[in-house]
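Visitor: I have a chain open here and want a quick tour. Where do we begin?

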Amino acid sequence: ESQKAELRRKIREGNGNYVEAYKYLHKQVQSKLHCADLSAARRKELEAQEFWLRKATEINGNDPDSQANHFIRGVTRNGLRFETSGPMPRRCKKFRTGSVSTSRRMFCGMAGFQR
């Protein structure tokens, strides 16, 4: 429950800082990886979660040193060139709105907020 409360604080009912929420979850998973009594299957699962959360933090935080960030932003930018629903700034905003909406739904669900 204290972890849910901390996540709620970071996302402020879906209007908060998702990068901080990704960082928080990443630290939680990292701490679990230090347990000596993990089964091989559980360790593999946690390692996959740690990788995903680390990359999500880099991408959503627009980390200038992250290859994953550069790759995803480049692919998105190039893909949006082929999208014909309006001028590029509007297409980028539409994509960003969808990305934030996805994060909001995910974190609100994890924190127990109804959206």
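Guide: Start inside α2, where Tyr18, Val19, Ala21, Tyr22, Tyr24, Leu25, His26, Val29 and Leu33 are buried. Buried means under 20% relative accessible area, exposed over 50%, partly exposed in between (1.4 Å probe, protein chains only). This is a predicted model: local features need pLDDT of at least 70, side-chain atom pairs count only at pLDDT 80 or more, and totals for chains, interfaces and linings use all residues. Residues are numbered from 1 along each chain as its sequence is written, and side-chain values use heavy atoms, with hydrogens and water left out.

Visitor: How many residues does α2 have, and how far does α2 reach?
Guide: α2 has 16 residues and reaches 23 Å from its first C-alpha to its last. That is close to the expected 22 Å, which is 1.5 Å times one less than the number of residues.

Visitor: Which residues form the largest nonpolar core?
Guide: The core has 12 residues: Leu7, Ile11, Tyr18, Ala21, Tyr22, Tyr24, Leu25, Val29, Leu33, Leu46, Leu53 and Ala56. Two or more residues each come from α1 (2-11), α2 (18-33) and α3 (40-60). The largest share, 7 residues, is from α2. A nonpolar core here is a set of buried Ala, Val, Leu, Ile, Met, Phe, Trp, Tyr and Cys residues joined through side-chain atoms within 4.5 Å.

Visitor: Now α1. Which residues are buried there?
Guide: Leu7, Lys10 and Ile11 are buried in α1. They sit on the same side of α1 because they cover an arc of only 85° around the axis. The arc is taken from the directions from the helix axis to the C-beta atoms. Ser2 and Arg9 are exposed on the other side of α1.

Visitor: What follows α1?
Guide: Arg12, with a positive phi near 40°. Asn62 also has a positive phi, about 50°, although it is not a glycine. Most residues other than glycine have a negative phi.

Visitor: Where is Asn62?
Guide: Asn62 is in the loop between α3 and α4. Asn62 counts as partly exposed because its relative accessibility is 43%.

Visitor: Switching topic. How many helices and strands are there?
Guide: The protein chain has 5 helices and 0 strands. Helices (H or I, at least four residues) and strands (E, at least two) are DSSP runs, numbered from the N terminus.

Visitor: And Ile72, where is that?
Guide: Ile72 is in helix α4 (residues 67-81). Its relative accessible area is 34%, so Ile72 is partly exposed.
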